Amino acid sequence: MGSVFSSPGSGSIGRYKNDFELACRTTKLFAEILERDFGAPDRPTDPGSGLHDKITAARIPSSGGPLPPELIRRMRYVTTVRNRIVHEVGCDALPDRTKFVGDCDGILAELEHLAARKKRGGAGGCAVM
């Protein structure tokens, strides 16, 4: 069974051969996950609704707290690299594709883990009534 965050049988996001496609598809997936599972705003036409803003606004479902600082740092790196490859003239490839793919796969795994805690009922999976 595949990850809840990827297409069935898709495996690593590294399957995309084109750096532009890799960067764009991955960050679109991050935005979708943050909106769906972490309460990030879904306002595509409003100022302040870019991926950096979604990362800031995202909250862990089980605690209501922000995403872990190391996850935020890695997501911001990926988002910044994506912005450069899309918007900067002369930036036509990922500076370190292996690092980018590794970071993206790690981010997706951590987001999946944090979202699964919500489905299990919080950090311990136990509730006292």
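**Salt bridges and nonpolar core**

At 45% relative accessibility, R25 counts as partly exposed, a class that lies between buried (under 20% relative accessible area) and exposed (over 50%), with a 1.4 Å probe and protein chains only. This is a predicted model, in which local features need pLDDT of at least 70 and side-chain atom pairs count only at pLDDT 80 or more, while totals for chains, interfaces and linings use all residues. Residues are numbered from 1 along each chain as its sequence is written, and side-chain values use heavy atoms, leaving out hydrogens and water.

**Salt bridges**

- The count is nine salt bridges, each being a side-chain nitrogen of Lys or Arg within 4 Å of a carboxyl oxygen of Asp or Glu.
- R25 pairs with E21 in one of them, at 2.6 Å from N to O.
- Both E21 and R25 lie in helix α1, four residues apart; helices are DSSP runs of H or I with at least four residues, numbered from the N terminus.
- E21 is partly exposed, at 31%.
- E70 and R73 form another salt bridge, with the closest N and O atoms 2.5 Å apart.
- E32, R36 and D37 are linked in a network of salt bridges.

**Nonpolar core**

- The largest nonpolar core has 32 residues; such a core is a set of buried Ala, Val, Leu, Ile, Met, Phe, Trp, Tyr and Cys residues joined through side-chain atoms within 4.5 Å.
- Helices α1, α2, α3 and α4 each supply at least two residues of this core.
- M75 is among the members that touch the most others.
- Leaving aside residues up to four places away in sequence, M75 has contacts (heavy atoms within 4.5 Å) with F30, L34, I55, L67, I107 and L111.
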